[in-house]
Amino acid sequence: MNREFQEQVASKGDNSFASCFHCLSCGAGCPAVELMDWRPNQVIRMIQRGMKKEVLESRTIWICIGCFNCLDQCPNRVDIPSLMDTLRHMAIEEGVRVPEPGILAFHKEFLRQVSNRGRVFEVGLMMRYKLATRSFSQDMGTGVRMMLKGRFQLTPSRVENPREFKEKLGGSS
Amino acid sequence: MKAQTLRAVDGERVISFYPGCSLTSSGREMMESYLEVASFFGLRVQTLEDWSCCGSTPAHSIRGWWGLVLPARNLLLAESRGIEELMTLCPSCFVRLWDSREKLLADEQKNKRIQDLWGAAVRGHTRPVFFLESLLAVALEKVETLAPGSFRGLRIAPYYGCLLSRQRWVTGLDGHSPRTALGDLLKRLEAQDLKWGLEEQCCGAGLAVTKPELSQRLVARIHQYARRAGANCLVVFCPLCHMNLELRAPSQEALPVLYFTELLAIAAGLPHTQHWLGRHLVDPKPLLSQLRIA
């Protein structure tokens, strides 16, 4: 069996996934499992079998919502949310095809907001996300309702020195 | 709650506060109602100056290092001001601050890189704390200021959501122990506190924008279960849950969703209550006026 991928993953984060005995608790309680192509324990098995391409190109690693239900339920305390983080980072580094481009676009826009102002401007985030994914029709009605109800801050809030913040943060990766 | 959560300054209790981005925008009702309720119960809340975003889900998801760097900046601001406990209203902000602190304290090399970037390493002098315990404690201490029985007829499905429901070692957040105090408070107000089955289920807020059909299904089920158990409202403790439970609510038979802090504001008869309630997407006013609560 090809152990290279397994070792690569373990070296980037923790290797708690080695103790998975496939009890299926993780997928059983996962609120987003229906959108995953592989259940969380299957991803672990695929890592162990060296199926790098299939793992890094899977939907599962992008769909994981980070609610910690799996970790809370796992009899072996396998830190699946953090494993999913590691796999996403690897997928980005390797430049593989991302099957959930909308989710990646959302994360990127969010971090662009943070890097520009030190804080997130929700209205700006939504507009830029809609532009990036060309999905203007979706949720327009709810967006307008929120706006009319005064649920959004209409002018962005910033840290005291956004330029310095951006320079420091941008230079650190 | 532990008494040391609060510092006493000239007889007044002061608590340092990290707002976070949602609380200043879509979760404004939670922040505004918290601030008024806290001041009503004699807590002085000081906002952490120059706070920045904790990075939320996106940072640790796609730029692992920023997932540590962004919360660390806030921990360092607090440490430099001698703040021992930094309170958050948002469970997600809490977990990010806690996680970054744990990881940096355990990894000297990474902490050194933090020092190179922000000018100081995290020393662990500031501990993140969640708002619920300290607020419940002052509310129970001054429970005589709240009219007994004022919530008669209110049948509450408390919704804790994901982060408040985990074991403490998972998220650093103890969402279980405040529940007894919450029960005591609701008993005094004679609200019914229901067990309904989905109080600890994730609402899908993290994918509410990118996978709306998923959160719609999860949220519909939450409203449905609560209604089936006889609830006439949901009560939440998280700005992201609130937004999602209202925004993705089924078009028919949606229950009003109240922040716990709004509930306290109503109980205390605070003046801006109607203003916050007016910003809700599922109007809670018909229910509250029908029960002569607000």
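Which domains does the domain assignment give for chain B? They are domain 1 (3-130) and domain 2 (146-290), with bounds that come from an automatic or database domain assignment. Before going further, a word on reading this complex. This is a predicted model, in which local features need pLDDT of at least 70 and side-chain atom pairs count only at pLDDT 80 or more, while totals for chains, interfaces and linings use all residues. Residues are numbered from 1 along each chain as its sequence is written, and chains are lettered from A and ligands numbered from 1 in the order in which they are written.

How confident is the predictor? The complex receives an ipTM of 0.94 and a pTM of 0.95. For chain B the average pLDDT is 93, and 96% of the residues score at least 70; pLDDT is the predictor's confidence in each residue, from 0 to 100. Please take care with residues 1-5 of chain B, where pLDDT stays under 50. Where pLDDT is low, the predicted coordinates should not be read in detail.

Let us begin with chain A. It has eleven helices and zero strands; here helices (H or I, at least four residues) and strands (E, at least two) are DSSP runs, numbered from the N terminus. Its C-alpha trace spans about 55 × 35 × 30 Å along the principal axes. Chain A is divided into domain 1 (4-94) and domain 2 (101-170), and the C-alpha centres of these two domains of chain A lie 29 Å apart.

Now look at where the two chains meet. Their contact takes 44 residues from chain A and 41 residues from chain B, two residues being in contact if their C-beta atoms, placed from the backbone, lie within 7 Å. On the side of chain A that touches chain B, the elements that each supply at least two residues include α7 (80-94) and α9 (122-133) of chain A. The helix that gives the most is α8(A), with eight residues. By class, this side of chain A has 20 nonpolar, 13 polar and eleven charged residues. Ala, Val, Leu, Ile, Met, Phe, Trp, Tyr, Cys and Pro count as nonpolar, Asp, Glu, Lys and Arg as charged, and the others, Gly among them, as polar.

Back in chain B, the centres of its domain 1 and domain 2, taken over C-alpha atoms, are separated by 24 Å. The contact between them takes 20 residues from domain 1 of chain B and 21 residues from domain 2 of chain B. On the domain 1 side, α2(B) provides the largest share, eight residues.

Chain B also holds a pair of packed helices. Helix α7 (residues 131-141) of chain B and helix α9 (residues 178-188) of chain B pack at an angle of about 35 degrees, with their axes 10 Å apart; the axes are lines fitted to C-alpha atoms over the stretch in contact, and angles run from 0 to 180 degrees between N-to-C directions. Among the residues that meet here are L136(B) and L140(B) in α7(B), and A181(B) and L185(B) in α9(B). By class, this contact has eight nonpolar, no polar and two charged residues.

Finally, find the open sheet of four strands in chain B, with the order β7-β6-β8-β9 and parallel pairing. Two strands pair if DSSP finds at least two bridges between them. The edge strands, β7 (192-193) and β9 (257-259) of chain B, each pair on one side only. Three bridges join β8 (residues 233-236) of chain B to β9(B), and V236(B) stands opposite Y259(B) in β9(B).
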